Amino acid sequence: PVNRYRINDEVKNIFPPRLLKQYQFLPVDRIGRVMSVVAGSLLTPDILSELEQMAGARILVYVGKQSDINSLIDAEYTAPEREAAVEEDEESLSSLGNMLLGE
């Protein structure tokens, strides 16, 4: 299953999260000029060409379950963004609380 993969840090930030969600794929690893990705939907030749240009490597596609891929995208890419947003909200609330309390 896809959720057992650990995404190699070298490939993690090559593609923007919106592209991962749009095309339903995850980069997993890169060895030389070959990048392995797991896809939950069909990657057309045009999409593959676009991804290969972005990665500067040939793309080797493995098939995975969309639900697993979406879960991993959320865990690996959007969780830190959500945590940062929550921290900003907490800081804003703390500032507001301090203003209300006159601190």
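**View 1. The whole chain of the predicted model.** From the N terminus on, the elements follow the order α-α-β-β-α-β-α. This gives four helices and three strands. The protein has 103 residues, and 31% of them count as buried. Its accessible surface is about 6,800 Å², with 52% belonging to carbon and sulfur atoms. Among contacts with a separation of 6 or more, 55% join residues 24 or more positions apart.

**View 2. The sheet formed by the three strands.** The sheet is open, its strands lie in the order E1-E2-E3, and the pairing is mixed. E1 and strand E3 (58-63) are at the edges with a single partner strand each, so one side of each has no neighbour in the sheet. On average, neighbouring strands are turned by 25° against each other, direction ignored.

**View 3. The pairing of E1 with E2.** E1 and strand E2 (residues 34-39) run antiparallel and are joined by six bridges.

**View 4. Helix H3 against the strands.** Helix H3 (residues 45-55) lies across E1, E2 and E3. The helix runs at about 125° to E3.

**View 5. Gln24 in its loop.** Gln24 sits between helix H2 (17-23) and strand E1 (25-31). Its phi is positive, about 55°, although Gln24 is not a glycine. Is this residue buried or exposed? Gln24 has a relative accessible area of 12%, and buried means under 20%, so Gln24 is buried.

Methods:
Residues numbered from 1 in each chain as written. Predicted model: local features only at pLDDT ≥ 70, side-chain atom pairs only at ≥ 80, totals over all residues. Heavy atoms only, no water. Helix = DSSP H or I, 4+ residues; strand = E, 2+ residues; numbered from the N terminus. Buried < 20%, exposed > 50% of the residue type's maximum accessible area, 1.4 Å probe, protein only. Contact = heavy atoms within 4.5 Å. Areas by Shrake-Rupley, 256 points an atom, 1.4 Å probe, with all protein chains shown as cover. Pairing = 2+ DSSP bridges. Axes fitted to C-alpha atoms, helices over the stretch in contact; angles between N-to-C directions.
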